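Have the structure open as you read.

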Amino acid sequence: RGITVGILPGSDPQDANPFIDIRIPTGLGLFRNGIVANASALIVVGGGSGSRSEVAQAWSRKRLIVAMKHVPGFSQECAGKKLDDRVRYKNIPSDRIYGAESAKEAVSIVEKLLPLYTKFPSR
């Protein structure tokens, strides 16, 4: 079991869902999406417009993104796809938003691929 971190838009740590181990209330509203998108890797579970914003920013920042295939919401829509046609990494021809069937598989993908995504090339 890993540790889940919630970067919360509001100021109340109690607003986090029950699966969050570490709660970081920011009081930044939707501006906190930029903080989330700057993580080394994102695992997307469900989601709506906020998750779309985070994923779009993470994609532009060349971050590793894994989306849960069978959770209704944005993660189901984007799993296995690229957000656009740009080549983010020439050394990773399979670069995309990777799809995962389970939380265990999502973590496994991050552990396997993160070393390839730690060098953020300049644009």
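Which residues do ring pairs link into a cluster? They are Tyr89, Tyr98 and Tyr117. Before going further, some ground rules: this is a predicted model, where local features need pLDDT of at least 70 and side-chain atom pairs count only at pLDDT 80 or more, while totals for chains, interfaces and linings use all residues. Residues are numbered from 1 along each chain as its sequence is written, and side-chain values use heavy atoms, with hydrogens and water left out.

Back to the rings. The structure holds two aromatic pairs; rings of Phe, Tyr and Trp (its six-membered ring) pair if their centres lie within 6.5 Å, and planes under 30 degrees apart count as stacked, over 60 as edge-to-face and the rest as tilted. Tyr89 and Tyr117 make an edge-to-face pair, 5.1 Å centre to centre with 70 degrees between the planes. Tyr89 sits in the loop between helix H3 (74-78) and strand S5 (98-100), and Tyr117 in the segment after helix H4 (103-113), so this pair ties together parts 28 residues apart in sequence. (Helices, H or I of at least four residues, and strands, E of at least two, are DSSP runs numbered from the N terminus.) Tyr98 and Tyr117 are also edge-to-face, at 6.4 Å centre to centre and 90 degrees between the planes. Here Tyr98 lies in strand S5, so the pair joins parts 19 residues apart in sequence.

How accessible are these rings? Tyr89 is buried, with a relative accessible area of 6%, and Tyr117 is buried too, at 0%. Tyr98 is likewise buried. Buried means under 20% relative accessible area, exposed over 50%, and partly exposed in between (1.4 Å probe, protein chains only).

Now for the nonpolar cores, meaning sets of buried Ala, Val, Leu, Ile, Met, Phe, Trp, Tyr and Cys residues joined through side-chain atoms within 4.5 Å. The largest one has 13 residues, and Val44, Val55, Ala58, Ile65, Ala67, Cys78 and Ile97 are those with the most contacts inside it. Helix H1 (33-37), strand S3 (41-44), helix H2 (49-60), strand S4 (64-68) and H3 each give two or more residues to this core, and H2 supplies the largest share, three residues. Take Val55: leaving aside neighbours within four places in sequence, Val55 is in contact (heavy atoms within 4.5 Å) with Val44, Ile65, Phe74, Leu83 and Ile97.

Lys62 has a positive phi of about 65 degrees although it is not a glycine. Most residues other than glycine have a negative phi. Lys62 also counts as buried, at 9% relative accessibility.
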